Amino acid sequence: MTFFEHLFTPWRMKFIKEGKKAKNCVLCELIKLEDGPANLVLYRGQFNYVVMNKYPYNTGHIMVVPYVHSSHFEQIKHEVLSEMMELAQKMMRLLLHTHAPEGFNMGINAGKSAGAGIPDHLHYHLVPRWTGDTNFMPLFGGTRVLPETVEETYERLQNALSTQL
Ligand SMILES: [Zn+2]
């Protein structure tokens, strides 16, 4: 948008401001939707929710997402952070129960240059690993053949959630 467009179409500015959070952020959008296989939201905490990655790096790839729209890990409040870790731990227990992974990659890609797919809305990745699962394919990129669909994984985890947590 040019300066002149900005000047003469102030309604657009309003649209852009509101749209940034509600319309352009996939992770904000998920907060408003009903949980279920369609949006892959698994669990909602007080400050964070848990969602399956639609394009998983591996089977059981989960993300813990703060409700607050922020890219700044260094500014995230303590209670949000602490629940984020608690939920990551709970999900790890759940995945150990359902899929028996041998290891996990966990962490945050903060910023586009660090490989964040959605750089504007911080999220914590939990990726189950099995020995030899990647065969030197890059974990954070490329196409993978997964042994079950994301929907199947969601179903298994959702069933386990009702008995495990
Ligand atoms: Zn957002």
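A residue counts as buried if 20 or more other C-beta atoms, placed from the backbone, lie within 10 Å of its own. Met91 is in contact (C-beta atoms, placed from the backbone, within 7 Å) with Val50, Ile62 and Leu126, its neighbours within four places in sequence being left aside. Of the 165 residues of the protein, 21% are buried.

The secondary structure comprises 5 helices and 5 strands, taken as DSSP runs numbered from the N terminus (helices H or I, at least four residues; strands E, at least two), and the elements follow one another as α-α-α-β-β-β-α-β-β-α from the N terminus on. The 5 strands form an open antiparallel sheet in the order 1-2-3-5-4, two strands being treated as paired if DSSP finds at least two bridges between them. Strand 1 (41-44) and strand 4 (103-107) are the edge strands, each pairing on one side only, and the twist from one strand to the next averages 20°, with axes fitted to C-alpha atoms, for helices over the stretch in contact, and angles running from 0 to 180 degrees between N-to-C directions. Strand 1 pairs with strand 2 (residues 48-52) over 3 bridges in the antiparallel sense, and Tyr43 stands opposite Val50 in strand 2. Helix 4 (residues 78-99) packs on the sheet, where it touches strand 2, strand 3, strand 4 and strand 5 (124-129), and its direction makes about 20° with that of strand 5.

Confidence is given as pLDDT, the predictor's confidence in each residue on a scale from 0 to 100; its mean over the protein is 81, and 77% of the residues reach 70 or more. The mean is highest in strand 3 (residues 62-66), at 97, and lowest in helix 1 (residues 3-8), at 41. Over residues 1-22 the pLDDT is below 50, and this stretch has 8 contacts in the model beyond near neighbours in sequence. Where pLDDT is low, the predicted coordinates should not be read in detail.

Residues are numbered from 1 along each chain as its sequence is written. As the model is predicted, local features need pLDDT of at least 70 and side-chain atom pairs count only at pLDDT 80 or more, whereas totals for chains, interfaces and linings use all residues.

Definitions and conventions: Two residues are in contact if their C-beta atoms, placed from the backbone, lie within 7 Å. A residue is buried if 20 or more other C-beta atoms lie within 10 Å of its own, exposed if 12 or fewer, and partly exposed in between; C-beta atoms are placed from the backbone.
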